[in-house]
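The entries below follow the order in which I looked things up.

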Amino acid sequence: MLELNNILNSNTLNLTIKILLAALALVFFIFTVIIVSRVKILNHSVQIYANKASSLLFTFAILYSVAVFFLFIIILVIV
Amino acid sequence: MPDIFVKKDKKEPDKESAESEARAEHMKPEQPQQTQAAEHKADDPDHGKMGFFTALCEYPRDNIKFVNQGSEEEIILFLRQHFATNLSWIIPSFIAIFIPPLIWLLFAVLTIDFIAVPAGILTVIILFYYLILIGYIFTSFLYWFFNIGIVTQKRMVDIDYSNILHKNIASVQLSEVVDTEFTQKGLFQSIFNYGDILIQTEGIKPNFDFRASPKPAHATDIIHGVLVKNRNGRK
């Protein structure tokens, strides 16, 4: 366990994990941007419930995208 | 002996007048779609009301519009997959919510040292996990929400959204529809009363299908009624 602790606490591994997580977060953020654009297009195709439901979904997609972006920032700054 | 044939003559409805009435009924112009929709709305205040999770709606009120909809085109039937089809992602997602706390509990019970992983990285991994889970739930919901079938008095529109990068909107004129049928198979479809509606089109045009439609018999009836009305209108 002590050895594992030493390996995990080593700077090289921390940096590798950090870069890996940041890259993952970036890919994930791109994915959320695609979701936002897709929801916008679909909302244009079918306007449901006089746009109330559609705008709700669009707002949620944007909030989700912002949350993922914050995660990316957290990985870069805090970790 | 009373003469039964003489007395009955007066009470029996006149054959000629009955025939003329039937003819007059036949000659009556068909009520336009708009009036019928208005009648439906007047009969029942909840008729045509759409909720967030509505999967089948006859004559939805004016709160649904689709791309390229004509100004006089009225939506007669709005279809989506039955909500029960969402259980295939709701149940795994619900279980997945509890996986990190369960792992933490397991590690605590087995007294495995968690301090080995830096706290910051652990937090990020957990955040990552839940954001991916939310993403999965959201995209699955969008898939259900935007997979729509619409029947108007002129055509049928099928909006397919199979994944985040694929969207397909197809429409077919009612005059090109040959037949409609539905299939209900399996225990799940029988319990929740949903099934696939297949709409056969003329010639080389691809067939239409509204998958996992709720109350498929009723929906097929409505579609069939619209088709008959459309054919009679053309004659």
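This is a predicted model: local features need pLDDT of at least 70, side-chain atom pairs count only at pLDDT 80 or more; totals for chains, interfaces and linings use all residues.

Entry 1. From H4(B) I noted B:Trp89, B:Ser93, B:Ala96 and B:Ile97. On the H6(B) side I found B:Tyr129, B:Tyr130, B:Leu133, B:Tyr136, B:Ile137, B:Ser140 and B:Phe141. Sorted by class, this contact has nine nonpolar residues, two polar and no charged ones.

I then looked up the geometry of the pair. H4(B) spans residues 87-97 and H6(B) spans residues 119-145; their axes lie 11 Å apart, at an angle of about 165°. Angles over 145 degrees count as roughly antiparallel, and H4(B) and H6(B) are therefore roughly antiparallel to each other. I recorded the crossing as left-handed.

Entry 2. I turned to chain A and asked how H2(A), residues 11-45, is oriented against H6(B). The two axes come within 11 Å and cross at roughly 20°, which makes H2(A) roughly parallel to H6(B).

H2(A) contributes A:Asn14, A:Ile17, A:Leu21, A:Leu24, A:Ala25, A:Phe28, A:Phe31, A:Ile35 and A:Val39 to the contact. From H6(B) I listed B:Ile121, B:Val124, B:Ile125, B:Phe128, B:Leu131, B:Ile132, B:Phe138, B:Thr139 and B:Leu142. The class count for H2(A) with H6(B) gave 16 nonpolar, two polar and no charged residues.

Entry 3. I next examined H3(A), residues 52-77, against H6(B). Their axes come within 11 Å and cross at roughly 160°, so H3(A) and H6(B) are roughly antiparallel. I noted a left-handed crossing here.

Among the H3(A) residues in this contact are A:Leu57, A:Phe60, A:Tyr64, A:Val68 and A:Leu71. Their partners in H6(B) include B:Leu127, B:Ile134, B:Gly135 and B:Phe145. By class I recorded 20 nonpolar residues, one polar and no charged residue for H3(A) with H6(B).

Entry 4. I then took the interface of chain A and chain B as a whole. Chain A brings 37 residues to the contact and chain B brings 38 residues. The two chains bury about 3,300 Å² between them, with 80% of it on carbon and sulfur atoms. How many salt bridges cross the interface of chain A and chain B? I found zero.

Entry 5. I finally looked for salt bridges over all chains, and the count came to three. Side chains of opposite charge can pair when their charged atoms come close. I looked up one pair, B:Arg155 and B:Glu73, whose side chains meet in a salt bridge at 2.8 Å, N to O. B:Arg155 lies in strand E5 (residues 155-163) of chain B, and B:Glu73 lies in the loop between strand E2 (64-66) and strand E3 (75-80) of chain B, so the pair ties together parts that are 82 residues apart in sequence.

Key: Residues are numbered from 1 along each chain as its sequence is written. Chains are lettered from A and ligands numbered from 1 in the order in which they are written. Side-chain values use heavy atoms; hydrogens and water are left out. Axes are lines fitted to C-alpha atoms, for helices over the stretch in contact, and angles run from 0 to 180 degrees between N-to-C directions. Helices (H or I, at least four residues) and strands (E, at least two) are DSSP runs, numbered from the N terminus. Angles under 35 degrees count as roughly parallel, over 145 as roughly antiparallel, 65 to 115 as roughly perpendicular and the rest as oblique. A crossing is left-handed if the near helix is turned anticlockwise from the far one by less than a right angle, and right-handed if clockwise. Contact means heavy atoms within 4.5 Å. Ala, Val, Leu, Ile, Met, Phe, Trp, Tyr, Cys and Pro count as nonpolar, Asp, Glu, Lys and Arg as charged, and the others, Gly among them, as polar. Buried area is the accessible area (1.4 Å probe) that two parts lose on being put together, summed over both. A salt bridge is a side-chain nitrogen of Lys or Arg within 4 Å of a carboxyl oxygen of Asp or Glu.
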